[in-house]
Structures are given as C-alpha cells and as structure tokens.
Amino acid sequence: MSFAAVLDNLALRKSGAVRQFEQLIAPKSDDELESMAQDSRVLTLRNFGRTMRLFAPLYLSNECINNCRYCGFSRDNPILRVTLSVDEVAAEARYLLAAGFRQILLVAGEHPKFVGGGYLTDCVRALSPDFPSIAIEVGPMTTDEYMPVVRAGAEGLVVYQETYHRGVYAELHTAGPKRDFDFRLDSPERAYAAGFRRIGIGALLGLWRWQDEATALAAHVEYLLHRCWQAQITVSLPRLRPAAGGFRPLFSISDRELAQLICALRLTFPQVGIVLSTRERPALRDALVSLGVTMMSAGSHTEPGGYTGRGVEHLHHTVRGRIVPPEFQDGEDQLATGQFEISDDRSPEEVATLLRARGLEPVWKDWEQTLTG
Ligand code: SF4
C-alpha cells in the first residue's frame with residue numbers, strides 16, 4: 001500500500017504509535033511537558049550520544065517553474081535569479097569546507113531548463129571528493145533520474161511535503177509540476193529505490209493546523225521506517241519565515257508547542273534524526289539543542305552565491321523561461337534573492353562553541369561512503 005492510501009485513511013485507521021504520538025502533542029501542563037523533555041533528553045543521549053551533526057545548505061539555483069504562494073523563488077516573483085556554474089558551486093563549497101563542514105545539502109528550485117539531472121550530477125561529482133556526506137533538496141525526480149545522482153556521490157535526499165492536507169496543498173501550489181501531490185509524496189520511496197540512504201521529510205509549519213500536519217508526518221515516518229528500513233530517516237520542522245512575495249502564515253505554532261512536538265517525535269521514534277535550521281532564532285535554537293535535535297545547520301545562506309558572492313555577473317530576471325537582464329537602481333543590492341530570511345546568523349564556529357558549552361560535541365562528519373560500499 002502506498003503512503004497516499006495510508007494518509008487518505010488516517011482519520012479512520014491509525015497505528016498504536018501514531019495514536020500515542022497524538023496524545024503526546026495534546027495540550028500539556030508545565031509539569032507534564034517538563035517530564036516529556038526529560039525523557040526526550042535521555043532517549044536522545046542513549047541513541048545519539050552527546051553529539052550534534054552540523055551541515056550547511058548550498059543553494060545552486062533560485063530558478064523555479066512552480067508557484068508556491070509561500071516561497072520567494074516562485075516563478076511569478078520578479079526576483080533576481082541565477083544558477084551557479086559547476087565551478088562557482090565548487091567555490092562556494094570550498095568556502096564551506098574551510099569553515100569546517102563535511103556535510104552539505106545542495107538546494108535548488110525546480111526548473112528543468114536550468115537545473116537538469118545532468119547539472120545536478122556534475123555538481124555532486126565535483127564536490128564528492130571533499131564532502132563524504134552530500135544530500136540534495138531539489139524538485140522530485142523519477143527513480144531513473146535519481147540513480148546517476150547517487151552514483152555521482154550523493155547519499156541523502158530531503159523532500160518536504162510542505163502540507164499533508166490535500167485541499168490546502170492544491171490552494172497553495174497554484175502552477176507547475178509541484179501541483180502533483182502524490183508524485184511528491186512518493187519521492188522518498190523512489191529515492192530509496194535509487195540508492196539514497198539518508199532520507200529527510202518534513203512539513204512546513206504555518207500552512208495548516210500543526211497538530212494535523214504533525215500526525216500525518218508521524219504516520220509518514222512510521223511508514224518509511226518500515227518501507228525504507230536501510231535508510232536513516234530524518235525529520236525537519238521548518239516554520240514559515242518571511243520571503244519575497246510577502247506570504248503570511250495562515251496558522252501558527254508557538255515556541256512551546258514546537259518544543260513539545262520535538263519531544264513527541266523523539267519519544268515515539270527514538271532513532272529518528274531531528275533537524276533544526278537557522279530559520280529559528282538563536283535563543284530558541286540554544287534551548288532546543290538538548291531536547292531531541294540531532295542535526296543543525298549553521299552560518300547558512302539561502303541565496304545562490306551567498307557565501308562567496310559568486311554568480312553576481314549572471315544575475316537576471318526570468319520571464320516565462322526567458323532570461324531578461326536586470327536594471328539595477330542606484331544603491332540596490334546586486335545579490336540573488338534568497339528563499340527566505342534566516343533568524344540565526346551566527347557563524348558555524350560560534351554555534352560549535354555554544355554546543356560545546358552545552359556538553360555536546362559538534363560533528364562535522366560522521367559518514368564515510370567507503371565504509372558502506
Ligand atoms: S518551494 Fe520549491 S518548488 Fe515551490 S517555488 Fe519555492 S523553490 Fe520552487
């Protein structure tokens with residue numbers, strides 16, 4: 001049975017684990033939440049030790065043929081766009097290498113004209129000698145399209161469903177291939193079949209009621225743990241951030257609820273990785289590191305060329321797939337537009353220092369492909 005069938009019957013048929021998860025995300029007293037937090041800390045320590053994996057996103061391109069109402073890269077937003085050349089990508093990667101990173105997440109919008117499978121494979125191949133852990137976060141592909149990317153050296157795939165509510169999904173994804181809800185939903189299994197062994201899923205919190213998204217996400221995790229049992233499953237809980245286009249979140253989840261959700265995931269799925277990005281502000285990130293989070297980004301940029309300024313000479317607008325030269329106003333920033341604003345702009349070393357102060361060892365690399373064949 002595909003996960004689409006599980007999701008569509010979720011209101012009627014929930015596993016014991018998902019029912020337990022629902023109880024954990026129900027409103028709690030302060031004492032109950034503190035008890036959950038303590039149990040979550042113990043489980044995280046037992047399964048992951050005193051460690052925190054650090055990674056950095058590297059944006060390859062902000063071209064996109066989709067319109068997602070909440071995203072700055074949407075095709076109808078008149079933003080400055082660029083797709084980095086493979087050499088420019090390598091320069092950005094060298095910057096991250098010098099900052100200590102060995103785990104990297106290659107991110108791009110979805111646009112076959114600019115970001116095809118061959119380009120992605122070339123980028124991965126160029127970086128694989130220096131980065132033992134390369135993950136991609138790009139438009140969903142077929143298994144056959146994923147395979148060369150894996151052979152080039154990628155081992156992780158990140159694909160958020162954004163919202164698990166079909167109606168909300170249809171309203172928010174107004175144009176482009178991303179409108180195909182089921183094709184996106186099935187991407188983790190296609191990626192697993194192609195050989196990816198680290199699979200990240202998530203919901204973009206702010207598009208629908210967080211409790212419903214979380215329950216569907218938990219069901220998806222449980223499904224993938226059975227279906228993709230050789231892969232490590234990670235979960236992200238990104239909250240919507242301001243972006244070009246000015247979309248305002250329709251729903252909210254408080255800091256306290258986010259902490260409860262992290263604990264609920266840890267208590268239900270002790271071995272699942274939990275990712276925290278620089279979308280969250282420093283004080284909250286510092287508080288969440290010991291609750292259940294196992295992987296963090298640091299020092300991130302969400303615009304292509306953001307680390308080194310590479311690519312500025314190719315900046316343009318894209319109108320119906322055509323490149324249009326920009327006209328800069330005096331004093332205007334000549335930078336590609338980022339996907340969203342980050343909240344934690346501390347350097348990787350500052351974040352590593354904080355982790356050490358909390359008794360956690362920052363792990364820049366914990367994966368060696370030669371060990372796994
Ligand atoms: S969310 Fe992804 S697919 Fe949608 S507009 Fe942004 S980059 Fe494109």
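Which residues is methionine 296 in contact with, leaving aside its neighbours within four places in sequence? I looked this up first, taking contact as heavy atoms within 4.5 Å. Methionine 296 is in contact with Met52, Arg53, Leu54, Phe55, Leu276, Arg285, Val289, Val351 and Leu355.

**Basis.** I note that the model is predicted, that local features need pLDDT of at least 70 and side-chain atom pairs pLDDT 80 or more, and that totals for chains, interfaces and linings use all residues. Residues are numbered from 1 along each chain as its sequence is written, and side-chain values use heavy atoms, with hydrogens and water left out.

**Methionine 296.** I place this residue in strand β10 (residues 295–297); helices (H or I, at least four residues) and strands (E, at least two) are DSSP runs, numbered from the N terminus. At 1% relative accessibility, methionine 296 counts as buried. I use buried for under 20% relative accessible area, exposed for over 50% and partly exposed for in between, with a 1.4 Å probe and protein chains only.

**Ligand shell.** I list Cys64, Asn66, Cys68, Cys71, Phe73, Ser74, Gly109, Lys178 and Gln339 around the ligand, a residue being near if one of its heavy atoms lies within 4 Å. The shell divides into four nonpolar, four polar and one charged. In this division Ala, Val, Leu, Ile, Met, Phe, Trp, Tyr, Cys and Pro are nonpolar, Asp, Glu, Lys and Arg charged, and the others, Gly among them, polar.

**Glutamate 110.** I find this residue in the loop between β3 (103–108) and α5 (117–127). Glutamate 110 is buried without a salt bridge, and the nearest side chain of opposite charge, arginine 184, is 5.0 Å away. For charge, Lys and Arg count as positive and Asp and Glu as negative, while His and the chain ends are not counted. The side chain of glutamate 110 does make a polar contact with that of asparagine 66, at 2.8 Å. Such a contact is a pair of N or O atoms within 3.5 Å; within protein, one must be able to donate a hydrogen and the other to accept it, and residues adjacent in sequence count only if both atoms are side-chain atoms. Beyond four places in sequence, glutamate 110 touches residues including Cys64, Asn66 and Lys178.

**Salt bridges.** I searched the whole structure and found 19, each a side-chain nitrogen of Lys or Arg within 4 Å of a carboxyl oxygen of Asp or Glu. Glutamate 162 and lysine 178 form one, with the closest N and O atoms 2.7 Å apart. Glutamate 162 lies in the loop between β5 and α7 (166–172) and lysine 178 in the loop between β6 (173–175) and α8 (181–185), 16 residues apart. Both residues are buried.

Glutamate 155 and arginine 198 meet in another, at 3.3 Å, N to O. Glutamate 155 is in the loop between α6 (143–152) and β5 (156–158) and arginine 198 in strand β7 (residues 198–202), so the pair ties together parts 43 residues apart in sequence.

**Helix α9.** Why do I call α9 largely enclosed by the rest of the structure? Seven of its eight residues are buried, among them Glu189 and Tyr192. The cover over these buried residues includes α6, β5, α8, β7 and α10. Glutamate 189, at 17% relative accessibility, forms a salt bridge with arginine 227 (3.4 Å). After α9 comes glycine 195, with a positive phi near 115 degrees.
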